[in-house]
Amino acid sequence: MTKISMVAAIRVVIVLLVWDFAAHAHDHSRPELNSWFESLKSGKGPCCSYADGTALSDADWEVRNGHYRVRIKGQWWDVPDEAVIKEPNRAGRTMVWPFYNWTLGKALQIDIRCFIPGPMM
């Protein structure tokens, strides 16, 4: 495989994986929340600027030893304290904004840019 076709193949895989996982944070049935989503920021910066938010099911997030954890693509990731949004959750569902770090030949790394907990059941 040539270097150019290898790079093209990697780009296709990245696009497919991100497309498969990304569920846009904005709920189109609730347009009144659009400006709220756009204004969200954590200690790591604006949420919607660099990553798409995704809603999590109750089974895909937890609190362990006083810190949040989320399950993305079947793997648990610790949520940095500075990524937690402190304001009330107007959407009413747990959301995470992951940023994917792709390094050739290494495992997928995810940086949690923002996280807003929903109600704990």
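Colleague: What makes Asp60 and Arg71 a salt bridge?

Modeller: In this predicted model, the closest N and O atoms of Asp60 and Arg71 are 2.8 Å apart. The cut-off is 4 Å between a Lys or Arg side-chain nitrogen and an Asp or Glu carboxyl oxygen, so the pair qualifies. Asp60 sits in the loop between β3 and β4, and Arg71 in strand β5, so the bridge ties together parts 11 residues apart in sequence.

Colleague: Is Asp60 buried, partly exposed or exposed, and how do you know?

Modeller: Its relative accessibility is 21%. Buried would need under 20% and exposed over 50%, so Asp60 counts as partly exposed. Arg71, at 29%, is partly exposed as well.

Colleague: Why is Arg69 called buried, then?

Modeller: Arg69 has 15% relative accessibility, which is under the 20% limit, so it is buried. Its side chain still meets Glu62 in a salt bridge, at 2.7 Å from N to O. Glu62, Arg64 and Arg69 are linked in a salt-bridge network.

Colleague: What does the bridge between Asp111 and Lys44 tie together?

Modeller: Asp111 lies in strand β8 and Lys44 in the loop between β1 and β2, so the pair joins parts 67 residues apart in sequence. The closest N and O atoms are 2.5 Å apart, which is within 4 Å, so this one passes too.

Colleague: How do you know that β3 pairs with β7?

Modeller: Two bridges join them, and a pairing needs at least two, so β3 and β7 count as paired. In β7, Val96 is the bridge partner of Thr54.

How values were computed: Residues numbered from 1 in each chain as written. Predicted model: local features only at pLDDT ≥ 70, side-chain atom pairs only at ≥ 80, totals over all residues. Heavy atoms only, no water. Helix = DSSP H or I, 4+ residues; strand = E, 2+ residues; numbered from the N terminus. Buried < 20%, exposed > 50% of the residue type's maximum accessible area, 1.4 Å probe, protein only.
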